[in-house]
Amino acid sequence: MSIQEFLIPLLAASVIAGTPILYAALGELITERAGIINLGVEGIMLVGAVSGFMVAVTSGNPWFGLLASMMAGGAVALIHAFLTITLRANQVVSGLALTIFGTGLSGYLGKAYIGIPVENPFSVMPLGPLADIPFIGPIFFQHDALVYISYVLVLVIWYYMYHTRPGLNLRALGENPAAMDALGLNVFYLRYIYVVAGGALGGVGGAYLSLAYAPSWLENMTAGRGWIAVALVIFALWNPWRALMGAYLFGGIDALGFRLQVLGIQMSPFFLKMLPYLFTVLILVFVVARHKGRLSTPGALGLSYDREER
Amino acid sequence: MNRLTFKLEKRLTPSPVMVFIIPLISVLLALLLGGIFLVLTGEEPLTIYLLMFEDSLGSKYGLTETMVKAIPLMLTSLGVSLAFKMKLWNIGAEGQLYMGAMAATWLPLTFPYLPVYLMLPGMVALGMIAGGLWALLTAIPRAIWKVNEIITTLMLNYVAILWVDFLVYGPWRDPNGSNFPITASFVEAARLPGLGNSRIHTGLFFALALAVILAIVFKYSRWGYSINVIGSSERAARYAGMNIKRNILLVMFLSGAISGLAGMAEVSGIIGKLQHGISPGYGYTAIIVAWLSKLNPLAILIVSILFGALQVGGYAVQLVGVPATVATMLQGAILFFVLGGEVFTNYRVKLFSEKGEDLSK
Amino acid sequence: MNQSLIQLKGIVKQFPGVLANDHVDLDIRPGEIHAILGENGSGKSTLMSVLAGLYKPDGGKILVDGVEQKFRSPRDAIACGIGMVHQHFKLVEPFTVAENITLGEKGNSFFLANKELKAKINELGNKYGLEINLNAKIWQLSVGEKQRVEIVRMLYRGSKVLILDEPTAVLTPQEAGELFENLRRMASAGCAVVLITHKLNEVEAIADRVTVLRQGKLAGVLEQGQINAKEMVRLMVGRAVASKYDRDSSPVGGIVLELDKVNAFNDMGLPCLCEMTLCVREGEILGLAGVSGNGQREMAEVIAGLRRVESGKVLLNNGNISNLSPRSIIDLGVAYVPEDRLGMGLVPELNALENLILKNYHQPQYSGRWLLKSKAVERNAETLVKQYQVKISSLHQPVKVLSGGNLQKLLLAREISSSPKLMVVIYPARGLDIGATEAVHKLLLELKTRRTAILLISEDLDEIFKLADRVGVVYNGQLTGDFPVEQADLEEVGLLMTGSCSTRERVNDDEPAHI
């Protein structure tokens, strides 16, 4: 098998495998840029996956499922927003509670849907002439609609954050909410918006798994992808383009696993499955150690904002 | 039209009354919310709750099972609480439990003819060391480079579980086990004795002893004092001359060791072998238990029993077609309400009328 | 007759445990420079925060141009033309000046600062004579420059009333002078300026009128002709205040602390101490003046073992303590009272018992092999609290509830009771009212009589001249100027603080480096 025959499908598979992580990471990215850390991504993805699946199966239309997953993800994130922004609860514990709750909730709701096929999953839609470009075509332009949307999303988020006024405000929100408050911006309201929006994106990430990647519903089908997304935001240094590259890198590790056997490398399937997690740890350590702890973390990340705090 | 607004005003000191009442109310509210949810999904909440209660706390068998489930929960929660005291977010109790179980298993599989007075202590030691080392792997980057331990401990959970899978599907698989992913059953000498004829094993004493030790350490000991300071303000601790790095390593190691002990106790006291899925998520539930108990070791014992009951109840309702995940949901909901309720201990809610009058005076 | 631009009537503001504003009135006229004078804790910052929309008053009215307003947030206040420049700048460090100025702006463009906006800002700057570089990043600017950005930001938003909270706290005397010139220009251009301060000389220098607050209440308003120091102090404090202390004049002893060409890096990795050399003797107070940010904090940390010495030596009684662990240095008799009282010097969530043994809990009098000796700990706390007159309702309460003055007394109690050979203290009276400041100063003078060497780092030249035997100036990580207090001249010290060379001592013979 030539390098091309091996590499191109691998890279294409990387994109697909990385897309759910990308959505979740983008969601977490904007949440953290607003200054709130949401560790409930794993639970949100699962809730998004199951609700998207349920609605898609019932209605026969995957786009309704997509919408449902966004609403479900946003709704669950709203709990986190209420607890951490209005009630000033500890963000770490609240996020963990969300993961546990979301995992349980999705398992509960999805029980009846295990093993049921979805009639109309998101299917591959080659993008006309773009799909025919040698090398690049098959890697990026022969996928389903949600992948294409994710490309646009990265672009939109990048432009929003760095080239528009509300985006500037978003970045400032996570750095110095007191400054934003003193300037008359409603810190609470804005944070609510971004946390819920982040949740909606997380839901989409989950829906991608159940409506395109698998497509099916299985309990705990995210298998830690939500957590990888959280880690990804850190070593993407809170930047959308780096998040994209990181997501595809992870997709690659995932996809590589299956393909190693083709190369004649025999490895226990368990070790192959370990790779993404080990990889996450190693990269995280590498990136943080290299910056000697002086990461460009949003300055006020994880802290509750209280205007009258003396 | 009278418009009421409420405002949160920070209290000078947390209200002691609230500290006690809030967890209670939270549990009740969570059950209430769960009840509403069950109704919405077409179930009968009262029947289900009654069934859960009966089968977990209302019968001798139920109580036994509840205690059985409570023991690993107690241990992992104690381990987690030690780390949390120093604001080290050890989410890896699950993996540390698995590694402890694995290491403990190695001894009877390799040296099945050891006498019990060497076998059991050996298993305890191996279990604790393995759990401790697994935690240490994440403690080192945390101590030296401030790498976030939440993610690293969590990732290692998945690795540990897969590692055990590898062993029980592969080299450690019982040749006489009809191809199930299990090891050979442990010899008698490798089994923790039970209380009387019940399934409740000596792991319970480990838990009780550790709870007492930790309670004393936290409240009265030198080391407990320094952990308190470091967890409360790392800057002040450094200023005071305390060795932060060393304490991070030590605390994480011990935290992992205690969870490793939980793993050893599970395979030795209950399961009798190593297999796929030895824990239904004790390491994660431990986090809820520890937080609910406000990191108080004695409270942890009690809350563990409650959550053990929840778990057993969850299994029980499966028989009437309700997924066991209802227990997980309730656990999450309880934590939500506790978190939300904490605001009342730290803040006072004041009501204002439209004119700006303080109505709560 | 000048119509009032702003009127505050009967403002009440309550915080847990303290009534910060007790029915306070205020009257601001257009184009005037109005000072709000009071000691720390008098309620002046709170009152202004109410006016700026940050706090909602519990009672009273705000009138702008005669119309009653209710501010739900700073946005409403800004919309009424009221802008506040805080003591702690509300700037986003990684962003540029232009980004910070246009931050949080309503409406206008969805897209970012373009040429039009930049031109508008520059125009404003020229009108008031405020120079700023729109493309610089905030973290690169000096404190005075950052303050200017804050001011321009408020002007850009159309402020007719500019409130400045203790603006000279972070400026050298020269920069303060420049600021005042700018303020006069702004006032004559129609902008009203409200100056929150506790410094009498500032009020005398620049204010048209002054409102004096004392313990949350309005003490009095002085018109143009009535402003003098004696009258202001009487209103501020209600009694006479010592302007000089009786000082012990016994001779100093041998050298206790010596810094020999010490080099160190700050948190950004940039050099903050450059061949720093100084010495402090037994029973001597060396007062180091200098604008914050010239390496003072880092120097204290180097001495305490909390920061690496890259090269050079730190000597304690001739022994090399460079880069020893903080604990060893504590055990050798070095005490350190940091500027960050409640985040570093004391643990806010722990109580007084626990805080008072923070540094010596491991010593045999307080702990056995494993357990703490709670009786000894309690006795220690009771003794110290009494001896140092710390007002505290319970030894078991978290110390964060204590007032600034009592926190400092608690800190000093702990550090002094360890009978140190060397005490390093930074900005000891910052944020304290006159009574607490006196108490703290007396404690330091008393420590001096016990032959401890004291390194006093402060921005308050008044404080330094009151306490120090020798005066030094820190600029850019170096000691520029070192003379006995009798020979020190206020203006010269002020110049040295900005980096100009004194006529007497030249640091560099090549360049006078005037800024």
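How many residues of chain B are in contact with chain A? The count is 37 residues of chain B against 41 residues of chain A, with contact taken as C-beta atoms, placed from the backbone, lying within 7 Å. This is a predicted model, where local features need pLDDT of at least 70 and side-chain atom pairs count only at pLDDT 80 or more, while totals for chains, interfaces and linings use all residues. Residues are numbered from 1 along each chain as its sequence is written, and chains are lettered from A and ligands numbered from 1 in the order in which they are written.

On the chain B side of that contact, helix 5 (116–145), helix 6 (149–169), helix 11 (282–292) and helix 13 (325–346) each put in at least two residues; helices (H or I, at least four residues) and strands (E, at least two) are DSSP runs numbered from the N terminus. Helix 13 of chain B gives the largest share, 13 residues. By class, this side has 25 nonpolar, eight polar and four charged residues (nonpolar being Ala, Val, Leu, Ile, Met, Phe, Trp, Tyr, Cys and Pro, charged being Asp, Glu, Lys and Arg, and polar the others, Gly among them).

Chain A itself is helices and nothing else by way of strands: twelve of the former, zero of the latter. Its radius of gyration, over C-alpha atoms, is 19 Å, close to the 19 Å from the globule rule for 310 residues, so chain A is as compact as a globular protein of that length (the rule is 2.2 Å times the number of residues to the power 0.38). Buried residues make up 55% of chain A, buried meaning 20 or more other C-beta atoms, placed from the backbone, within 10 Å of a residue's own. In helix 10 (residues 225–235) of chain A, eleven of the eleven residues are buried, so this helix is largely enclosed by the rest of the structure. Its cover includes helix 1 (3–33), helix 2 (41–59), helix 11 (240–260) and helix 12 (269–290) of chain A, plus helix 6 of chain B. Just after helix 10, A:Leu237 takes a positive phi of about 50°.

Over in chain C, six strands make an open, mixed sheet in the order 6-7-8-3-9-10, two strands being paired if DSSP finds at least two bridges between them. Strand 6 (82–85) and strand 10 (217–222) of chain C sit at the edges with a single partner strand each, so one side of each lacks a neighbour in the sheet. Strand 3 (residues 33–37) and strand 8 (residues 192–197) of chain C run parallel, joined by five bridges, and C:Ile33 stands opposite C:Val193.

Conventions
Contact = placed C-beta atoms within 7 Å. Buried ≥ 20, exposed ≤ 12 C-beta atoms within 10 Å, placed from the backbone.
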